[in-house]
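Subject: Structure for your review

Dear colleague,

Please find the structure below, followed by an account of what was found in it. I would be grateful if you would read the two side by side.

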Amino acid sequence: MENTQKIKIVTADPSALGLFGLAVITLVASSQKLGLTSGVSLVFPWAIFLGATAQLFACINDFKHDNTFGATAFGAFAFFWYSMGFTWLIQNGVFGEKLALAADSKQLGFAFLAYLIFSLYMTIGAMETHKVLFTIFVLIDCLFLGLSLNAFGIMPEISHSLAAWSELLIALMSFYGSAAAVLNKHFGKVFLPVGKPFGIFK
């Protein structure tokens, strides 16, 4: 009879890094939407390395934690920022003027709409995580609502402002969430409160 030994591989919670990546890219991107900076040339590297790669790293490690919610959230938004980076390259003619001129912004609107649908059902899931994450997802809902409407040319000024301010608030809340994830674990106590789950669905 063979003896079977199970080995558990312990990995640290990756959410602090994932939220930090989200915080950095949304802060940088919101500065452009709010008119504090111009263009996307120097938004691009932060989108690829912080918005995309940091969240992808968090996604992979959340899968190791058997955390379907966290892995799906970080993974989906990681690939969003990879896609946005590629979109900016096309729009700025990196792949040729012909491709840039043929770009239809309404297609981008449908992509934003898809992410709005995604973020809405993830908001329901976030209700049973903690209130800081729930707040971040509500703001993400507002961001994608604004981006969708703007891409379709519906109330462009209002929708642009909605997206810009929502993105800035996402950054601030994500910094707080990241800090809480690091410091609460580091000190072994609630150093920064994140709020209990709503308890509606569980």
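The lining of the largest cavity divides into eight nonpolar residues, one polar and no charged; here Ala, Val, Leu, Ile, Met, Phe, Trp, Tyr, Cys and Pro count as nonpolar, Asp, Glu, Lys and Arg as charged, and the others, Gly among them, as polar. The residues concerned are Leu22, Thr26, Phe77, Phe80, Trp81, Ile140, Leu143, Phe144 and Ile170.

The model is a predicted one, in which local features need pLDDT of at least 70 and side-chain atom pairs count only at pLDDT 80 or more, while totals for chains, interfaces and linings use all residues. Residues are numbered from 1 along each chain as its sequence is written, and side-chain values use heavy atoms, with hydrogens and water left out.

Cavities and pockets were both found on a 1 Å grid over the protein atoms alone: in a cavity a 1.4 Å probe fits but cannot get out, whereas a pocket is an open set of points with protein on both sides within 12 Å along at least five of seven lines, and lining residues have an atom within 4 Å of a point. Grid points are joined across faces, edges and corners, and a volume is the space filled by probe spheres set on the points.

The largest pocket holds about 590 Å³ of space. It is lined by 27 residues, of which Asp13, Ser15, Ala16, His130 and Ala181 are the closest to its centre. At least two lining residues come from each of helix 1 (15-33), helix 2 (44-64), helix 3 (68-91), helix 6 (131-151) and helix 7 (156-187). Helix 7 gives the largest share, six residues. By class, the lining of this pocket has 16 nonpolar, eight polar and three charged residues.

The second largest pocket has about 410 Å³ of space. Among its 21 lining residues, Lys33, Met84, Trp88, Phe112 and Leu147 are the closest to the centre. Helix 1, helix 3, helix 5 (105-126), helix 6 and helix 7 each give two or more residues to this lining, and the largest share, five residues, is from helix 3. The lining of the second largest pocket comprises 13 nonpolar, six polar and two charged residues.

Aromatic contacts

There are 20 aromatic pairs in the structure; rings of Phe, Tyr and Trp (its six-membered ring) pair if their centres lie within 6.5 Å, and planes under 30 degrees apart count as stacked, over 60 as edge-to-face and the rest as tilted. For phenylalanine 77 and tyrosine 115, the ring centres are 6.0 Å apart and the planes stand at 35 degrees, so this pair is tilted. Because phenylalanine 77 belongs to helix 3 and tyrosine 115 to helix 5, the pair ties together parts that are 38 residues apart in sequence. Phenylalanine 77 counts as buried at 6% relative accessibility, and tyrosine 115 counts as buried at 18% (buried means under 20% relative accessible area, exposed over 50%, partly exposed in between, with a 1.4 Å probe and protein chains only).

Phenylalanine 112 and phenylalanine 144 also form a tilted pair, because their ring centres lie 6.5 Å apart with the planes at 40 degrees. Phenylalanine 112 is in helix 5 and phenylalanine 144 in helix 6, so parts that are 32 residues apart in sequence are tied together. Phenylalanine 112 is buried, with a relative accessible area of 5%, and phenylalanine 144 counts as buried at 2% relative accessibility.

Phenylalanine 63

Phenylalanine 63 is found in helix 2 and counts as exposed, at 52% relative accessibility. Its C-alpha atom is separated by 9.9 Å from that of glycine 75, 12 residues apart along the chain.

With kind regards

Definitions and conventions: Helix = DSSP H or I, 4+ residues; strand = E, 2+ residues; numbered from the N terminus.
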